[in-house]
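This report covers how one protein chain is divided, how its parts meet, and where open space is left. The sequence and structure come first.

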Amino acid sequence: MNFIEELRWRGMLQDIMPGTEDELNKGIVSGYIGFDPTADSLHVGHLTQIMTLIHFQRAGHKPFALVGGATGMVGDPSGKSAERNLLSEDVLKHNVACIESQLKKFLDFECGANSAEMVNNFDWFKNYNFLDFIRDVGKHITVNYMMSKDSVKKRLEGETGMSFTEFSYQLVQGYDFYWLWKNKGCMVQMGGSDQWGNIVTGTELIRRKEGGSAFAVTTKLIKKADGTKFGKTEGGAVWLDAKRTSPYKFYQFWLNTSDSDAKEWIRVFSLKTKAELEAIEAKHEEAPHQRALQRALAEEITARTHSEEALQKAISTSEFLFSTGSVDFLEQLTDDEILEVFEGVQRFAVSKDELQQGINVTDLLAEKTKVFPSKGEARKMIQGGGVSVNRNKVSDPNGLVTADQLVKGEYLIAQKGKKNYFLLIAG
RNA sequence: GGGGAGAUUCCAGAGCGGUUAAAUGGGACGGACUGUAAAUCCGUUGCUUCGGCUUCGAAGGUUCGAAUCCUUCUCUCCCCA
């Protein structure tokens with residue numbers, strides 16, 4: 001199956017420039033996708049683009065991952081309603097390095113002819129001076145053409161306006177494509193559908209400057225059935241960096257997708273074949289409560305993004321946290337393992353001496369710790385039946401918590417609702 | 001520069017001298033149901049030693065009593081030049 005067919009049945013394909021498929025059928029073709037270094041980690045929103053590159057490589061082509069050290073300095077106006085703040089060069093350098101190491105996990109950089117390659121456009125922009133650029137590049141693209149782009153039009157219509165810097169963004173990105181086409185033989189640029197305008201400026205530049213041809217493919221933006229933004233949770237974006245989003249949370253993010261989303265997303269984010277996916281879907285239809293789709297989705301992505309080991313830990317943590325099992329389970333674990341289960345869970349230190357005397361639950365949760373911001377709230381929540389200590393529902397706001405309730409003589413597990421855990425460590 | 005409107009608890013938005021910790025809606029959080037889903041239903045949504053205490057842009061004042069009336073200040077919005 002060729003690359004485009006693959007994207008098509010997976011429902012990823014948005015736009016494709018005429019002739020692209022023929023070009024790809026000729027043999028090994030080089031193509032690239034750019035990543036903006038706006039943070040020092042990619043998030044799940046970038047995963048679609050990573051998957052596109054993976055499919056590209058699996059179809060036998062040579063993927064380039066461009067990290068925009070230069071474009072990041074300018075700021076892409078696409079999809080932005082207001083001017084962005086510029087990042088300093090140091091921050092960008094750090095971000096670029098971090099993103100590069102993340103991308104290395106997903107693509108094969110040592111497989112011969114179609115090995116993946118990493119490039120940074122700062123390398124070809126850092127010594128390119130302004131006058132040369134506007135003469136060599138700017139001359140080929142009219143302002144009229146640039147202004148007709150959606151990303152620009154929207155900002156001109158809006159109230160905030162747009163700086164010359166962001167206006168020039170498409171030229172900078174366009175030149176990337178030109179440079180990679182000229183120096184690396186890159187024939188195709190891929191990206192999210194919001195990048196169409198920028199990509200086409202690149203093919204246009206290649207055509208006008210050298211009479212060459214280049215191609216474009218864009219993928220659909222991932223949407224949630226309920227209309228909210230993909231990749232966001234209450235805690236903010238879901239990052240690929242384990243330090244920002246723990247593998248457990250990452251796994252949970254995917255596990256919690258709705259049925260309709262899971263069915264679409266698994267096609268995008270899984271490398272399983274159509275037959276395999278259809279089998280999973282059938283299984284899901286049969287027993288929806290088993291959530292075969294969500295499990296398959298979460299397992300595959302977590303393993304690929306983090307590791308098989310991290311996935312296993314995420315699964316066992318989930319099983320403990322969501323099963324009705326008692327805290328006895330924890331008694332069997334070592335201290336390190338307990339801390340691992342509650343990784344990312346907020347922790348509080350409490351005095352063991354005071355626990356010997358017994359502490360009023362409300363005081364414990366609102367004063368000794370910050371599980372609740374005030375006693376009133378703690379009390380109300382307890383009366384509403386929303387608080388558990390060591391998996392047992394607390395019914396009396398004035399009840400005592402004592403040292404003999406400590407798990408392993410050291411830990412207390414407090415729950416606000418079902419999903420919000422707090423680990424109290426006595427010392 | 002001239003004229004007008006307004007600032008209320010997370011947001012929107014009632015209240016226009018006491019019965020108002022402040023309607024209603026949204027959001028958030030909890031509970032039930034369930035599949036760690038969706039939908040639905042229910043509860044909570046200033047602090048408290050549960051006696052009370054502090055809130056309605058800020059500061060003063062009138063009153064037994066003010067978010068509600070008066071004065072000044074700060075800020076926001078709209079219309080006309």
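How many Å separate the centres of domain 1 and domain 2, taken over C-alpha atoms? In this predicted model, the two centres are 29 Å apart. Chain A as a whole is divided into three parts: domain 1 (3-219), domain 2 (232-322) and domain 3 (333-426).

**Where domain 1 meets domain 2**

Contact between these two domains involves 19 residues of domain 1 and 22 residues of domain 2. About 1800 Å² is buried between domain 1 and domain 2, and carbon and sulfur atoms give 66% of that area. On the domain 1 side, Trp-9, Arg-10 and Val-44 supply 33% of the area buried against domain 2, more than any other three residues.

**Salt bridges**

Side chains of opposite charge can pair when their charged atoms come close. The whole structure contains 20 salt bridges, and one salt bridge is found across the interface of domain 1 and domain 2.

| Pair | N to O distance |
|---|---|
| Arg-244 and Asp-40 | 2.8 Å |
| Glu-21 and Arg-8 | 3.8 Å |

Glu-21 belongs to helix H2 (residues 20-25) and Arg-8 to helix H1 (residues 3-9), so their pairing ties together parts that are 13 residues apart in sequence.

**The largest pocket**

Rolling a probe the size of a water molecule over the atoms shows where empty space is left. The largest pocket has a volume of about 1300 Å³. It is lined by 44 residues, and those closest to its centre are His-43, Gly-45, His-46, Lys-80 and Asp-194.

Which domains supply at least three residues each to this lining? Domain 1 (3-219) and domain 2 (232-322) both do. At least two lining residues come from each of strand E2 (30-35), helix H3 (44-58), helix H11 (169-184) and strand E5 (186-192). By class, the lining of the largest pocket consists of 21 polar, 12 nonpolar and 11 charged residues.

Technical notes: Residues are numbered from 1 along each chain as its sequence is written. Chains are lettered from A and ligands numbered from 1 in the order in which they are written. This is a predicted model: local features need pLDDT of at least 70, side-chain atom pairs count only at pLDDT 80 or more; totals for chains, interfaces and linings use all residues. Side-chain values use heavy atoms; hydrogens and water are left out. On a 1 Å grid over the protein atoms alone, a cavity is a set of points where a 1.4 Å probe fits but cannot get out, and a pocket is an open set with protein on both sides within 12 Å along at least five of seven lines; lining residues have an atom within 4 Å of a point. Grid points are joined across faces, edges and corners, and a volume is the space filled by probe spheres set on the points. Helices (H or I, at least four residues) and strands (E, at least two) are DSSP runs, numbered from the N terminus. Ala, Val, Leu, Ile, Met, Phe, Trp, Tyr, Cys and Pro count as nonpolar, Asp, Glu, Lys and Arg as charged, and the others, Gly among them, as polar. Domain bounds come from an automatic or database domain assignment. Contact means heavy atoms within 4.5 Å. Buried area is the accessible area (1.4 Å probe) that two parts lose on being put together, summed over both. A salt bridge is a side-chain nitrogen of Lys or Arg within 4 Å of a carboxyl oxygen of Asp or Glu.
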